[in-house]
Amino acid sequence: MAETHDGATRRDFIHVASATMGVVGGACVAWPFIHQMNPAADTLALASTEFDTAGVAEGMAVTVLWRGKPVFVRHRTAAEIEAAGAVDLDSLPDPQADADRSERPEMLVLVGVCTHLGCVPLGQKATDPRGEWGGWFCPCHGSHYDTSGRIRKGPAPENLEVPPYTYITDTVIRIG
């Protein structure tokens, strides 16, 4: 058999070329199976939602669906903003400043799912009980949230989640 100056043979080349073609062929066969696991276009369309806050009057709350979850959008009054900002952070189970929870103080956007067991707290309707701090109340186990969505009393371990959102105009927000 013919050897080159470094000891390699034609058979070595054939082995390396065959292995390379096998790997490339395997990748070509596997790609469609891997690609089919990506989310469908209709699922990706639900990844974000836009909402115009112009119709939400002061003191009013609206529920928007995002990724199958309720999102609470509340136009807070000056008294609610002041009360939320005056809270001593050391007294909170999950301390977080009100200013860190909303991009604009008057418009609060929260995922409306209790952080204890995933219930939907009451407080969006004018007739709903809002708990001791005027925010939201989860009747399942008695969690009370304030006007900033922070847990104040009850078994919930964390504040209501603030979803990723941005203002794309002065009144339209994109959630997600």
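**View 1. Methionine 37 sits in the loop between α1 (10-35) and α2 (41-45).** Helices (H or I, at least four residues) and strands (E, at least two) are DSSP runs, numbered from the N terminus. The model is predicted: local features need pLDDT of at least 70, side-chain atom pairs count only at pLDDT 80 or more, and totals for chains, interfaces and linings use all residues. Residues are numbered from 1 along each chain as its sequence is written, and side-chain values use heavy atoms, with hydrogens and water left out. Methionine 37 is exposed, at a relative accessible area of 62%. The classes are buried (under 20% relative accessible area), exposed (over 50%) and partly exposed (in between), with a 1.4 Å probe and protein chains only.

**View 2. Trp31, Ile34 and Met37 make up a nonpolar surface patch.** Patch residues have over 30% relative accessible area and no salt bridge; nonpolar side chains (Val, Leu, Ile, Met, Phe, Trp, Tyr) are joined within 5 Å, like charges within 9 Å. A salt bridge is a side-chain nitrogen of Lys or Arg within 4 Å of a carboxyl oxygen of Asp or Glu.

**View 3. Three strands build an open antiparallel sheet, in the order β2-β3-β4.** β2 and β4 (107-111) are the edge strands, each pairing on one side only. Neighbouring strands are turned by 25° against each other on average, direction ignored. Axes are lines fitted to C-alpha atoms, for helices over the stretch in contact; angles run from 0 to 180 degrees between N-to-C directions. Five bridges join β3 and β4 in the antiparallel sense. Pairing requires at least two DSSP bridges between two strands. Phenylalanine 72 has leucine 110, in β4, as its bridge partner.

**View 4. Arginine 67 occupies the loop between β2 (61-66) and β3 (69-75).** Its phi is positive, about 55°, although arginine 67 is not a glycine. Most residues other than glycine have a negative phi. Arginine 67 is exposed, with a relative accessible area of 53%.

**View 5. The structure holds zero disulfides.** A disulfide is a pair of cysteine sulfur atoms within 2.5 Å. The sulfur of cysteine 114 has its closest cysteine sulfur in cysteine 138, at 3.9 Å, too far for a bond. For cysteine 119, the closest cysteine sulfur is in cysteine 140, at 3.1 Å, also too far for a bond. Cysteine 114 is buried, with a relative accessible area of 3%. Cysteine 119 is buried too, at 16%.

Note on methods:
Accessible areas come from the Shrake-Rupley method with a 1.4 Å probe; for residues, only the protein chains shown count as cover.
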